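Please work through the exercises below with the sequence and the coordinates open beside you. Each task is followed by a solution that goes step by step.

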Amino acid sequence: MATEPRSTPDLDRLVNACLMPGFTGPTLPAWVADALDDGLAGICLYGQNLTGEGPPVTERIAAITAAARAVRGDVLVALDEEGGDVTRLEYTVGSSWPGNAALGVVDDEALTTAVATGIGAQLRRVGVDVDLAPSVDVNSDVRNPVIGVRSFGADPALVARHGVAFVRGLQAAGVAAAAKHFPGHGSTTVDSHLGLPVIDADEATFRARELPPFAAAIRAGVDLVMTAHVVFPALDAAPATLSRRLLVDLLREELGFTGVVVTDALDMAGVRAAHGLAGAAVLSLAAGADLLLLGAEDGEEHCAAIRAAVRAAVADRTLSEDRLRDAAARVTALRQRLAAVARSAAPVTAPGTGRAAARAALRAREVAPLTGPAVVAELRAGTNLAVGDAAWSLAGPLAEHGLLAGLQTVTEDGVSADDVVTAAAGRPVVVAVRDAYRSPWQTAWLDRLHRARPDAVLVALGMSVDAERAPGPAVAAHGAARAVTQAVADLLHGD
C-alpha cells in the first residue's frame, strides 16, 4: 500500500531527482542552476546549445558541464553521441567516427569497442558522463525514416554483438551507455518525433527480431535502457514508454535489467500528442521509467508542470510515492557512481582509428581514382530530428586532395541535373546523396543526371540502397560522418 504523500517540497525534490531537461542557449541558465541545487538529476545537451557564434563546441560543452558541477558535483550530463550521423561533440564539423551501419558492415567487434572507447574518452574530457547510445535497433525495414544508418544492421545477432562491443567501450571509458530504443524501433515506417509508430508483428517475431540486442546489452551490464515511443499491439496497446507490461514485466522481470530506465524525449509527438508532456511523464513513471528525458525545448515550464502533475497523481493515488522513490533512488545511485569515476581513467584509442574504420566499411563498384578535379553535386534534403543539422560534406575532403573543381548544392527547387552537366563539361562528376531513394525529386534528379553522365560517381552517404540503384560507378559509404567522407575522398584520390 502506498505511503502517505510527503510535504510538497520533499515530493518536488523526489520528482527533480527523476528529471533531465534541456534548455535554450549556449550557457547554463539560472533556472537550471536553481533546480540542480534542489535535486535535479541532470541536463541533456542538444544541437541548439552548440551552434552560432562563440567558442568551439567542445569548449562550450566543457563550460556548461563545469558550471553545472559547480552547483552540484554529481549532476548527470547527457547527450546523443552515437558516432556517425548523430553527433553533438562535432555537430558543426561532422563526426570523426563512423556510425553503427559502417561498423556493422566491417563486423569487427574489437574495432567497434575501440571506436566507442574513443567516443567515451572525448565525452569524459568535456565532462559528459551519460551517452544516449548505442542504438541497438534492428533496422529490418529499409523504409525506416529515423533509424537507418544509426543501426548496426538488419541481423539481430550482428546488432547484439556490436551493441555489446559499443557498450563495453563506452563504459570502459567511464561513460554510462544507454541501449535504445527499447523494445525496438527498427521496423517502423513512422518517425516517433512526428507521430506514433505501430509495429504489427506477432510476439514470436518480436522476440526473435527486436529483443536479442537488448538482452545482450543487459547481460553486458549496460547502465541505462532508453524506451521507444512505439506501440507493439501484440504485447500492449500503449507505447513502450508508457507500458508497464514492457518496462516492468518484460524489461525488469524477464530480462533482468536493474539499471536506470530513461525515456526517449517526452516532447516527441509519439507520446506528447495524446497525453501532453506532463501527462506522459506521470504515465511513464507509473509504468516503470526512472529518468524522464524532456527534450530540446527549454525545460523550466515543463519541469514545473511535471512536478504539479506528479503531486496530483500521488494525491489521487494513480502514482505511488513508493514508485517515485524507487525511480529517484536508481537515478541517484547512478549519479553518485559516475561522479566517483576518475576522469583520467579512460583507455586510449589509437589516432586515425575512426578514419581507418570508415575506409574498411566502404563498398565500391566500378570506381577508379578521379582523373582530375571533379564537379561535386551534394543533394540535400531535411533530416530527422535525431541527426538535426549536423555538418556533412564530401566536397571539403575532396578539396583537401586537390580534387574539387566546383560544388553544386542541390535542393528540390534549386540546381537542376542539366545545370550540373553543363558545369561539369570535360570534368569528372561526383554526386553525394543521403537516402535519395526515399525522395521522388531526388530519384528523378539522379535518373536525369545518369542519362547524360553515366560515368558520374554516385556516393551513397546513407543506406546502401542508393548505390545499388546507380547504373555506373558507385560507393556505399554507410554514413555521412566526416570520417566517412574523408575515407571516400581518399578512395577517389587513389589512396
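The exercises that follow concern a predicted model, and they treat helices, cysteines, backbone geometry and pairs of residues in turn.

**Exercise 1. Helix α13**

Task: Determine what span helix α13 reaches from its first C-alpha to its last, and which of its residues are buried.

Solution. Begin with the extent of the element: α13 covers residues 321-339, which is 19 residues, and it reaches 27 Å from its first C-alpha to its last, close to the 27 Å expected at 1.5 Å a residue. Next, collect the buried positions, which are Glu321, Arg323, Leu324, Ala327, Ala328, Val331, Leu334, Arg335 and Leu338. Finally, look down the axis of α13: these buried residues fall within an arc of 160°, so they line one face of the helix.

**Exercise 2. Helix α12 and the residue after it**

Task: Find which residues of α12 are buried, which residues on the other side of α12 are exposed, and what phi Arg317 has.

Solution. Helix α12, residues 300-315, has 16 residues and reaches 23 Å from its first C-alpha to its last, close to the 22 Å expected at 1.5 Å a residue. Within α12, the buried residues are His302, Cys303, Ile306, Arg307, Val310, Ala313 and Val314. They cover an arc of only 135° around the axis, which puts them on the same side of α12. On the other side of α12, Glu301 and Ala315 are exposed.

Now follow the chain onward: α12 is followed by Arg317, whose phi is positive, near 65°, and which lies in the loop between α12 and α13. With a relative accessibility of 45%, Arg317 counts as partly exposed, since that class lies between the 20% and 50% cut-offs.

**Exercise 3. The crossing of α1 and α13**

Solution. Two packed helices are described by the angle between their axes and the distance between the axes. For helix α1, residues 8-16, and α13, the axes come within 8 Å and cross at roughly 45°. That makes α1 oblique to α13. The crossing of α1 and α13 is left-handed.

**Exercise 4. Backbone geometry**

Task: Locate the cis peptide bond that joins Ala133 and Pro134, the one that joins Lys180 and His181, and the positive phi of His478.

Solution. As background, most residues other than glycine have a negative phi, and most peptide bonds are trans. The peptide bond joining Ala133 and Pro134 is cis, with omega about 5°, and Pro134 is placed in the loop between β4 (130-131) and α6 (156-172). The bond joining Lys180 and His181 is also cis, with omega about 0°, and His181 is placed in strand β5, residues 176-182. Turning to phi, His478 has a positive value near 65° although this residue is not glycine. His478 lies in the loop between β14 (474-476) and α19 (482-493), where it is buried, with a relative accessible area of 10%.

**Exercise 5. Separation in sequence and in space**

Task: State how far apart the C-alpha atoms are for Leu458 and Arg469, and for Ala329 and Asp290.

Solution. Leu458 lies in strand β13, residues 457-460, and counts as buried at 1% relative accessibility. Leu458 and Arg469 are eleven residues apart along the chain, and their C-alpha atoms are separated by 9.6 Å. For the second pair, Ala329 is in helix α13 and is partly exposed, with a relative accessible area of 46%. Ala329 and Asp290 are 39 residues apart in sequence, while their C-alpha atoms are 8.8 Å apart in space.

Note on methods. Residues numbered from 1 in each chain as written. Predicted model: local features only at pLDDT ≥ 70, side-chain atom pairs only at ≥ 80, totals over all residues. Heavy atoms only, no water. Helix = DSSP H or I, 4+ residues; strand = E, 2+ residues; numbered from the N terminus. Expected span 1.5 Å × (residues − 1). Buried < 20%, exposed > 50% of the residue type's maximum accessible area, 1.4 Å probe, protein only. Arc of directions from axis to C-beta. Axes fitted to C-alpha atoms, helices over the stretch in contact; angles between N-to-C directions. Parallel < 35°, antiparallel > 145°, perpendicular 65-115°, else oblique. Left-handed = near helix turned anticlockwise from the far one by under 90°.
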